[in-house]
Amino acid sequence: MNHNLQLKSLTGATEIQLTSDGTEYAKYGSMAWSPDGSYLIFYRILPYEDSVIHYLKMAGDASTRGGHFSIPYKQPGDPFTSYEMMVYKIGEKEPGKINIPIIDFFGAPYLHFNKTQSGKFLFERVDRGHQRFRILEADIHTGEIRTVYDEQTNSFIYESRIFTDYLPETNEIILSSEKDGWRHLYLLDIVSGKIKNQISSGSWIVKEIDSIDYKKREIWFRGAGMKELENPYYVHHYRIGFDGRNLVELNPETGHHQVSYSADGKYFLDSYSEVNKAPIITVRSGATGKKLMTVETPDTSRLKALQIPTAVPFKAKGRDGKTDIWGVVCWPVDMDSMKQYPVIEHIYAGPQDAFVPKSYLPYSEMQSMAALGFIVVQIDGMGTANRSKAFHDVCWKNLADGGFPDRIRWIKALAETYPWVDTTRVGLYGTSAGGQNALGGLLFHPSFYKAAVSACGCHDNRIDKQWWNEQWMGYPVGQHYEAQSNITHANKLSGNLLLIVGDEDNNVPPESTYRVADALIKSGKHFELLSIPGMGHSDGGPYGRIRKRDFFVKSLFRIVPPDRNK
C-alpha cells in the first residue's frame with residue numbers, strides 16, 4: 001500500500017504497519033515468509049528504470065507514415081535495481097536489517113530456510129563481474145551473516161551453470177564448480193562450511209544433473225569427455241554416490257546419447273548417434289545400464305540413394321599444438337578429388353556453449369550450401385564451453401579472439417588431409433555473436449578469410465545486452481571493450497563483406513550493424529548492406545539466405561549469380 005508493507009491477520013481484525021517511509025523511488029516488497037510463519041524477510045527496493053532503444057517501424061503497416069516504438073534494454077555498465085534485506089519477527093514492534101551489503105546485481109535472492117535451525121536461512125550471491133560466488137547464512141536474531149561457501153576466480157564463474165541442491169535434513173549442499181579445472185560436483189557441509197568430498201573428478205565435465213536419490217545418496221548425471229579416444233562433446237549418462245564412489249556408466253556405446261527415463265527410474269530409452277551415423281534406440285536397465293532390447297535400427301537406404309554426402313567429423317590440433325579441436329565437414333555433391341573447392345565456415349564462437357552438431361545430421365543448411373560446390377565446415381574453437389576451464393577461459397575479456405587461431409589451423413589441417421580443400425578461397429558466415437565473428441575474421445585475419453556474411457552481429461559489446469557481455473567481457477566496462485570492437489577496427493576491412501540486419505531486432509540492437517556500416521563508409525570501404533524491414537533477430541530469413549548464397553558464389557567462384565528478377 002503506497003509502496004509500504006502492512007500485515008493483516010487472517011480475520012482482518014489486526015493490522016501492523018511494517019514500514020511508513022516507502023516512496024516510488026524507495027519502496028518495500030519482494031517478501032518471503034519463514035516456513036513456521038514466525039518471521040518475514042522483505043526488502044527496501046531502489047528501482048532502476050532501464051534506458052530504452054528506439055525503433056522506426058517501416059514495414060507491415062497500411063499507414064502512409066512509419067511508426068516509432070522503444071523497449072527497455074540493459075547494456076553493459078548500466079545499474080541494476082538494488083535490494084536491502086530486512087526482517088520482521090512476529091510480535092516485535094518494528095523490523096530490523098540483515099547485515100549484508102545492498103544487493104545491486106540481478107534481483108532478490110531465493111531463500112532456503114533451515115528446517116533444523118529456526119531463525120536461519122541460506123541464500124546465494126553472485127558479485128557483479130561474475131568472479132565471485134557465495135552461499136551465505138543469515139541469522140535473524142543477530143542480523144549477522146556467515147559465509148558458508150566462497151569461490152573466487154581471476155577469470156569468470158559461469159553463473160548460469162552453477163548447480164546447487166540443498167539437503168536440509170543432513171545440512172549438506174551438492175554444488176558444481178570448475179575450481180579444479182573441470183566442471184565437477186562437490187558435497188559441502190553447511191555447518192562447518194567445508195567440502196566433505198569431491199563427488200566427481202577427472203579430465204572431463206559433468207554436463208547436467210538428471211535426478212538425485214536422497215535415500216540412496218546417488219546422483220544421476222550426464223557427463224562428457226570421460227572416454228579418452230572419443231569426441232569429448234559426446235554425452236553419456238552415469239550414476240555416482242554422494243561419496244564419489246560406485247561410478248556406473250549407463251550407456252557406453254560410442255556416440256552422442258539422449259535418454260528418457262521411466263517414471264520409476266527402472267528403465268530408460270537410449271538414443272545414440274553421430275553426425276554421419278543414424279540413431280540406434282535401445283531400452284536399458286536404469287540400475288545397471290544393461291541393454292535389454294533394441295527398439296529401432298533405422299533404414300537409411302532411401303536417403304543414401306539421393307547421394308547427398310553426409311557431414312563427417314574431423315579433428316585437428318589447436319593453437320597450442322596439443323588440444324584437439326573438433327568440427328564437421330560437409331562435402332560438395334559429385335565432388336571431384338582432382339579439383340579445388342573453396343571453403344565456407346559457419347561460425348558461432350559464443351562462449352555460452354559449444355555449437356558443432358553431435359547427433360545425426362541427415363540434412364542441414366550447411367549441406368545445402370555445399371551442394372553449390374563449396375566445402376562447408378563448422379568448428380568449436382577455444383573460448384567456447386563444454387571443455388576444460390582453461391579451454392573456456394580463452395574468451396575472457398577476449399571475444400575478438402573468436403577461436404580463430406584454432407579454426408585457421410583446423411582448416412589448414414583439413415587441407416593437408418584432403419588436397420581438394422582450397423585454403424586460398426575461404427569465407428565465413430554467422431548470425432548474432434556469429435555475425436560479430438564473421439566480420440572479425442575479415443578484420444583480424446585478412447590473409448586467410450576473403451569473404452564474409454555477417455547477420456545481426458553484436459559488433460561492439462558495449463551496445464549489446466548486459467547479461468551476456470559482462471559475463472564474458474567483465475565489469476566494469478573498460479578499454480578492452482572498445483579495443484575489441486569491430487567498429488573500432490572497421491578501417492582494416494579487406495575482402496568482400498555482406499552485412500544483414502533486421503530493422504526491428506530486439507535482441508541485438510540494429511544500431512550495432514548500422515554503426516559498423518557508418519564506420520566502414522567513413523573509412524572508404526566497399527561492402528554490401530541488406531536491411532530487412534520488419535524483421536527481428538535473424539540471419540535474414542529465406543530472402544537473406546538466397547542473398548548469402550549469391551554473395552559467396554560471386555565472391556569465391558567469381559561467377560555472376562542468376563538474375564532473379566527474370
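In what order do the strands of the open sheet of four strands that contains β21 stand? The legends below take up this question first and then move to other close-up views of the model, which is a predicted one.

**View 1. The open sheet of four strands that includes β21 has the order β21-β22-β23-β24, and its pairing is antiparallel.** At the edges stand β21, residues 256-261, and β24, residues 291-296, and because each has a single partner strand, one side of each is left without a neighbour in the sheet. Averaged over this sheet, and with direction ignored, neighbouring strands are turned by 25 degrees against each other. Strands of a sheet pair through backbone hydrogen bonds, and the pairing can be either parallel or antiparallel.

**View 2. Strand β22 pairs with β21 in the antiparallel sense.** The pairing of β21 with β22, which covers residues 267-274, extends over six bridges. Two places where the residues can be followed across this pairing are H257, which stands opposite Y272 of β22, and Q258, which stands opposite S271 of β22. The hairpin of β21 and β22 has five residues between the strands, and in this hairpin G265 takes a positive phi near 75 degrees.

**View 3. Strand β22 also pairs with β23, and the two run antiparallel.** Seven bridges join β22 to β23, which covers residues 277-285, and F268 has R284 of β23 as its bridge partner. Two residues lie between β22 and β23 in the hairpin that they form. Of the eight residues of β22, six are buried, so this strand is largely enclosed by the rest of the structure.

**View 4. A nonpolar patch on the surface is formed by Y267, L269, L292, M293 and V295.** Together these residues have about 470 Å² of accessible area. The elements that give two or more residues to the patch are β22 and β24, and the largest share, three residues, comes from β24. L269, which lies in strand β22, has a relative accessible area of 40% and is therefore partly exposed.

**View 5. Another open sheet of four strands has the order β17-β18-β19-β20, with antiparallel pairing.** Its edge strands are β17, residues 205-213, and β20, residues 248-249, each of which pairs on one side only. Within the sheet, β18 (residues 218-224) and β19 (residues 235-241) run antiparallel and are joined by seven bridges, and I219 stands opposite I240 of β19. A salt bridge links the side chains of E208 and R222, at 3.5 Å from N to O. Because E208 lies in strand β17 and R222 in strand β18, the pair ties together parts that are 14 residues apart in sequence. E208 is partly exposed at 40% relative accessible area, and R222 is also partly exposed, with a value of 27%.

**View 6. Strands β3 and β4 run antiparallel and are joined by five bridges.** Strand β3 covers residues 27-33 and strand β4 covers residues 39-46, and the bridge partner of W33 in β4 is L40. Their hairpin has five residues between the strands, and here G37 takes a positive phi near 70 degrees.

**View 7. F105 and F106 form one of the 30 aromatic pairs that a search of the whole structure finds.** The ring centres of F105 and F106 are 4.1 Å apart and their planes meet at 20 degrees, so the pair is stacked. F105 is buried, with a relative accessible area of 4%, whereas F106, at 31%, counts as partly exposed. The aromatic pair of F113 and F121 is tilted, with 5.8 Å from centre to centre and 55 degrees between the planes, and both F113 and F121 are buried. Elsewhere, F314, W331, W410, Y418 and W420 form one aromatic cluster.

**View 8. Salt bridges join the side chains of R462 and D460 and those of D324 and K315.** The N to O distance is 2.7 Å for R462 and D460, where R462 is partly exposed at 33% relative accessible area and D460 is buried at 3%. For D324 and K315 the N to O distance is 3.7 Å, and K315 is partly exposed, with a relative accessible area of 40%.

Terms used
Residues numbered from 1 in each chain as written. Predicted model: local features only at pLDDT ≥ 70, side-chain atom pairs only at ≥ 80, totals over all residues. Heavy atoms only, no water. Pairing = 2+ DSSP bridges. Axes fitted to C-alpha atoms, helices over the stretch in contact; angles between N-to-C directions. Patch = residues over 30% accessible without salt bridge, like charges linked within 9 Å, V, L, I, M, F, W, Y side chains within 5 Å. Areas by Shrake-Rupley, 256 points an atom, 1.4 Å probe, with all protein chains shown as cover. Salt bridge = Lys/Arg side-chain N within 4 Å of Asp/Glu carboxyl O. Buried < 20%, exposed > 50% of the residue type's maximum accessible area, 1.4 Å probe, protein only. Phe/Tyr/Trp six-rings, centres within 6.5 Å; stacked < 30°, edge-to-face > 60°.
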